[in-house]
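These are my notebook entries from an afternoon with one structure. I looked up one topic at a time and wrote down what I found.

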Amino acid sequence: MKKDWPLWEVFVRSKNGLEHRHFGSLHATDAVMALENARDVYTRRNEGVSIWVVESKYITASNPSENGELFEPAKSKVYRHPTFYKLPDELKHM
Amino acid sequence: MTENEIKNLEEIFEARIARDEKIEPKDWMPEKYRKSNIRQISQHAHSEVVGMLPEGNWITRAPSLRRKVALLAKVQDEAGHGLYLYSAAETLGISREEMYEQLHSGKAKYSSIFNYPAVTWADMGTIGWLVDGAAIINQVALCSTSFGPYARAMVRICKEESFHQRQGYEILLTLCRGTQEQKAMAQDALNRWWWPSLMMFGPIDAESPNTEQSMKWKLKRKTNDELRQQFIDQTVPQAEILGITIPDPDLKWNEEKKQYDFGEIDWDEFWQVVKGHGPCNKERMDARVSAWEEGNWVRDAAMAYAEKQHDKKLKDVG
């Protein structure tokens, strides 16, 4: 019965007020061990105040080969940006 | 995929590299780029892991508590650096177990420097100063490597590594300002580690089989010879501050080139060690393999426990 330890992704909040950011991954048998290992591997120098771990297999990622269909339509929608709207110079702070 | 489609993808890939775009794990990449990255990143990871062995022996022998906590922290960092790097390599589709197997079977290499013995306390100082110093030069250049996960691991490693070199230099500084015997111990360590440290940058460019392609793909950002020269120019003044002599009679400042000229490296020795005939190759691999094998039951037990807990939870819910 030989079983490899599953892979986990580690997210760390570096300080309150900031979001959790992906820091890397590691192997662990369960969530408790993943948290403990994440603390040792990714926060040896006060890099964080909170850690999330999630087993890598639960992450669904978009495929870069479909980036065209996914992301290009947004490029033509310039009216979503404030600079699209022409306003007189006298108007300050808008 | 047809041949034309692959050619098209290769062109897009080369153009992205030329624009200095990073390549991420799920992006299309030539098979050879994937393999080169796996080779380079896993060997780098193996070097971190094997690199703990010469120092581990000195943790219990450190001359003071201050030195002991520093050395412990340094060795723990090296374990961490190995883990960052293994994770980066895993994003390319190789498993952790496969990489360990390659290390243990001798198929994958690690830095030859760790096949030299660390026989005195001055060696701990010299390893930090020269070996970590050389590693930092290599790694700073790799922070801008083209594969995203590798570059990110390098940035983190570089941030952590500068303490390693400083703690080593401080050990030597203390010895060099101590008794005659202590200074002689520092000199002896420099004599033994200087040439192997220069070999850490690998064969000269003309004889480095992977350099050209690695430079083209921006896997490597500087050549072996460039990095070696940078290391020498940076290290000579540091030896002067210590007041010990670099064991190279041909070492001298070249005013015209604004760099140091240096003597011939013994490449026969380098290849001997790479091929497994260095002073400690066998000892290092034996230590590594036995740690892995003797830890086997612990890994299995932890996995079995996790599965049991998981099943119990499901049953409780059901």
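**Entry 1: a salt bridge between chains**

I started with B:Glu160 and A:Arg45, whose side chains form a salt bridge with N and O 3.6 Å apart. The term salt bridge stands for a side-chain nitrogen of Lys or Arg within 4 Å of a carboxyl oxygen of Asp or Glu. This pair crosses between chains: B:Glu160 sits in helix α7 (residues 148–176) of chain B, and A:Arg45 in the loop between α1 and β3 (50–55) of chain A. I noted that helices (H or I, at least four residues) and strands (E, at least two) are DSSP runs, numbered from the N terminus.

The model is predicted; local features need pLDDT of at least 70 and side-chain atom pairs count only at pLDDT 80 or more, while totals for chains, interfaces and linings use all residues. Residues are numbered from 1 along each chain as its sequence is written, chains are lettered from A and ligands numbered from 1 in the order in which they are written, and side-chain values use heavy atoms, with hydrogens and water left out.

Next I asked of B:Glu160: is it buried or exposed? B:Glu160 is buried, at a relative accessible area of 4%, whereas A:Arg45 is partly exposed, at 32%. Here buried means under 20% relative accessible area, exposed over 50%, and partly exposed in between (1.4 Å probe, protein chains only).

A:Arg45 also forms a salt bridge with B:Asp77, at 2.5 Å from N to O. I then found a network of salt bridges that links A:Arg44, A:Arg45, B:Asp77 and B:Glu160.

**Entry 2: the interface as a whole**

How many salt bridges does the rule find across the interface of chain A and chain B? I read off 5. Over all chains, the count by this rule is 27. The interface also has 10 residue pairs in polar contact, both residues at pLDDT 80 or more. A polar contact is a pair of N or O atoms within 3.5 Å; within protein, one must be able to donate a hydrogen and the other to accept it, and residues adjacent in sequence count only if both atoms are side-chain atoms.

On the side of chain A that touches chain B, the elements that give two or more residues are β2 (20–27) and α1 (31–42) of chain A. By class, that side has 11 nonpolar, 4 polar and 7 charged residues. The classes run like this: Ala, Val, Leu, Ile, Met, Phe, Trp, Tyr, Cys and Pro are nonpolar, Asp, Glu, Lys and Arg are charged, and the others, Gly among them, are polar.

I counted contacts too: 22 residues of chain A are in contact (heavy atoms within 4.5 Å) with 21 residues of chain B. The area buried between the two chains is about 1900 Å², and carbon and sulfur atoms give 51% of it. Buried area is the accessible area (1.4 Å probe) that two parts lose on being put together, summed over both.

**Entry 3: salt bridges within a chain**

In chain B, the side chains of B:Glu31 and B:Arg34 meet in a salt bridge at 3.6 Å, N to O. These two are 3 residues apart in helix α2 (residues 31–50) of chain B, so about one helical turn separates them. B:Glu31 is partly exposed, at 45%.

A:Asp40 is partly exposed at 33%, and A:Arg39 is exposed at 53%.

**Entry 4: a buried arginine**

B:Arg284 lies in helix α12 (residues 281–294) of chain B. I found B:Arg284 buried, with a relative accessible area of 6%. A polar atom of the B:Arg284 side chain lies 3.0 Å from the backbone oxygen of B:Tyr116. Not counting residues up to four places away in sequence, B:Arg284 touches several others, including B:Val50, B:Phe114 and B:Pro117.

**Entry 5: a positive phi**

Last, I checked A:His93, which has a phi near 50°, a positive value in a residue other than glycine. Most residues other than glycine have a negative phi. A:His93 lies in the segment after α2 (67–71) of chain A and counts as exposed, at 85% relative accessibility.
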